[in-house]
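Student: Hey, can you walk me through this structure? I'm new to it.

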Amino acid sequence: MAESYLELSVSPHGVASLTLNRPEVHNAFDDVMIEQIIDALQQLAENSAVRLLLLKANGKNFSAGADLNWMRSMAAKDYQQNLDDAGRLAELMRSLDRFPKPTIALVQGAAFGGALGLVACCDIALAEPKASFCLSEVKIGLIPAVISPYVMRAIGERASRRYFLTADRFFAGEALRLGLVHQLVPEGGLAEAAEKLCQQLLQNSPAAVTAAKQLIADVDQQPINAALIAHTSEAIARIRVSAEGQEGLTAFLTKRSPAWLPKD
């Protein structure tokens, strides 16, 4: 068996932590790590006890992107082998982007190349002020192809033109301005900020949060027409009559706590 490049845990309250654990190479990823992350995401997605997911990394850097030895090996392979390999990275990004529970990226140090894609696929991203980001692919004759849909959705087409083409490094303040990152936290404060955010998210209905994520995916960039209006009407009607919808409404109207709140 390959060495595990991840640490995986689930707290009693359902907070899953998926931690990149190759600090000796700045958490650079290769085909082995990609498969391990895909497997971990599938395992967590199927675990009904999981309420949310923290994506983080050990060491000074979130991730330096692709592992140099892996890139060297792919350069020696043919088109079909490279296509298959890219497909696995695409599956990783898709799995993270469509993970059914809230996902939070905690970023320290560098998040370069594909690692920036991981951040863009998460619902919420927190970063230390000195965190830095770079889409450096064109410097070595490549392009950020597989991650481009998620990065462009996060920072927009105009900023993508700049950073895809220049490979400029930018820091957390700029990432916040662009919308890639939602909150800057003091250096060393990621765990504390994540704990506060987790406590907030755990107050919400698990089923409603999952449905809200699906709603965003269904509605984004769609024309406001009769079909979309009907879809959204059906979505609210379904959740109103669902078990958690009924529980939430009853709890609100009778001024009691809903059943999904964590029990200390």
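**Starting with the sheet**

Tutor: Strand β4 (residues 103-107) runs parallel to strand β6 (residues 124-127), and four bridges pair them. Strands here are DSSP E runs of at least two residues, helices are H or I runs of at least four, both numbered from the N terminus, and two strands pair if DSSP finds at least two bridges between them. This is a predicted model: local features need pLDDT of at least 70, side-chain atom pairs count only at pLDDT 80 or more, while totals for chains, interfaces and linings use all residues. Residues are numbered from 1 along each chain as its sequence is written, and side-chain values use heavy atoms, leaving out hydrogens and water.

Student: Which residue in β6 is the bridge partner of L106?

Tutor: That's L126.

Student: And what's the strand order in the open sheet?

Tutor: The six strands go β1-β2-β3-β4-β6-β9, with mixed pairing. At the edges sit β1 (6-10) and β9 (183-184), each pairing on one side only.

Student: Which strands does α1 touch?

Tutor: Helix α1 packs on the sheet against β1, β2 (15-20) and β3 (52-57). Touching means contact, with heavy atoms within 4.5 Å.

Student: New topic: is D39 buried or partly exposed?

Tutor: D39, in helix α1 (residues 31-45), is partly exposed because its relative accessibility is 47%. Buried means under 20% relative accessible area, exposed over 50%, and partly exposed in between (1.4 Å probe, protein chains only).

Student: What about F252, buried or exposed?

Tutor: F252 lies in helix α10 (residues 243-253) and counts as exposed, at 65% relative accessibility.

Note on methods:
Axes fitted to C-alpha atoms, helices over the stretch in contact; angles between N-to-C directions.
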